[in-house]
Amino acid sequence: MMTRTVGLSGSLIPWRKQKSTYASQLKKQSKELTSLDQTSSELGILVFPGINSKLTKTLVSLSKQSVKPTKVILVDIELPKKLAELNLSYALLKTSSRTELKQALENMPYLLINAGDTLTQGHELNKFMMAVKSDAQFVYSDTDYYNNSGERLEPQYKPNWSPDYQLSAGYINTGVMVSSGKQAKMLINLNKESYNITSMIRAFYLSKLNQTNLDYKVDHVPSVLISQPQKQRGVLHNIKNESKLFDVKQSSNGAHLLWDSSSLPLVSLIIPTKNGKDLVRMCVESIVEKTTYTNYEILLVDNNSDDVEAIEYFKDLDKNGVVKLLSYPHEFNYSAINNFAAKQAKGEIIGLVNNDIEVIQGMWLEYMVGHALRTDVGVVGAKLLYPNNTLQHAGVVMGYGGGQVMPTNTLINPTLVI
């Protein structure tokens, strides 16, 4: 039987059962949406080019919403044939230029979607209206796909605002609501090449990096409010080198961003150890032989080693200028050891390196330093693998059981973007 991986646990659920489970979730969501109080404010819809052949489905679904749009604006899309037969419950406008579009925007909230998208449960607009707030630049919802039979499948449960995920994979590509026409104009102005929601959100984030005040708010509605045509699945809108902040390397599953580290700040790599000659040899040699970043120092901190060969090896590394050897003759305390070394480090950036780490990608420091230099980043971590290519560490997932968990070594190494 065909199976698919579901969730972070790596458990396998039969495909048919998965569809049945999602259908039950949609029924539950429908009841929740129906029970919400009705909003009565004005609301506009901006429909951007998408699967234009399915535009009629979009327009009809909007007409069936409990909260009726004040007007729907087709952006650079032809009006559907036999428009009168649709019996739409709102004013439908078509704009052919950016000037026309900006003039059509009024002081009301706007939902940004693509042609072919549908809102099928009747109360999605009401949910959006309840979620949008004037202090948030925009809000976005979860999505799914529908097939030619109208069956809804493959829910895309999205994380809270993640700028790096947006830059690399464009996870927000529809279902974006702004609180005013002014906010809508702001997003449209940020992407002058096309009417692409993914690119607008990327450009929004990059524009914030150029500002001294990084205080902004993006909200996420954890409900599946937009259903996209299945043809849209897997479509990635390439990010271009529109910014000097990074170089872009496209791949089949996203964009790899190499943030600018051309200023080459000195990096102090701190490696605590007690004995462990072979581990330290592997670690240090891999750094020296493979690292392409040129401005770094290695501080090897000996914490009460008693193995003669290890002690002599550490001294040789120091004598040959490969490392700066420090002695910490106190009880083991990882934090204290690193703080002790950091006080003697010369680098602008501190790198905490375990003695059992082996470098396998030469540009590891360029990637990490590039992130560390970003104005909105404080700490940078790398993905760690075991020798059998399973995951040792790929970040921390917050929220499980009120705490946090890390992906386990039962997960085969996925292709992750940096």
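Select Lys94, which is partly exposed at a relative accessible area of 29% (buried means under 20%, exposed over 50%, partly exposed in between, with a 1.4 Å probe and protein chains only). The model is predicted: local features need pLDDT of at least 70 and side-chain atom pairs pLDDT 80 or more, while totals for chains, interfaces and linings use all residues. Residues are numbered from 1 along each chain as its sequence is written, and side-chain values use heavy atoms, without hydrogens and water.

Lys94 lies in strand S5 (residues 91–95) and Glu78 in the loop between S4 and S5, so the pair ties together parts 16 residues apart in sequence. Helices (H or I, at least four residues) and strands (E, at least two) are DSSP runs, numbered from the N terminus. Glu78 is exposed, at 60% relative accessibility.

Next, select Arg152 and Asp144, whose salt bridge has its closest N and O atoms 2.8 Å apart. Arg152 is buried at 15% relative accessibility, and Asp144 is buried at 0%.

Then display strand S7 (residues 138–146), where nine of nine residues are buried. S7 pairs with strand S10 (residues 218–229) in the parallel sense over nine bridges (pairing requires at least two DSSP bridges between two strands). Within S10, Val221 is the bridge partner of Ser141. Three bridges join S7 to the antiparallel strand S8 (residues 152–156), where Gln156 stands opposite Thr143.

Definitions and conventions. A salt bridge is a side-chain nitrogen of Lys or Arg within 4 Å of a carboxyl oxygen of Asp or Glu.
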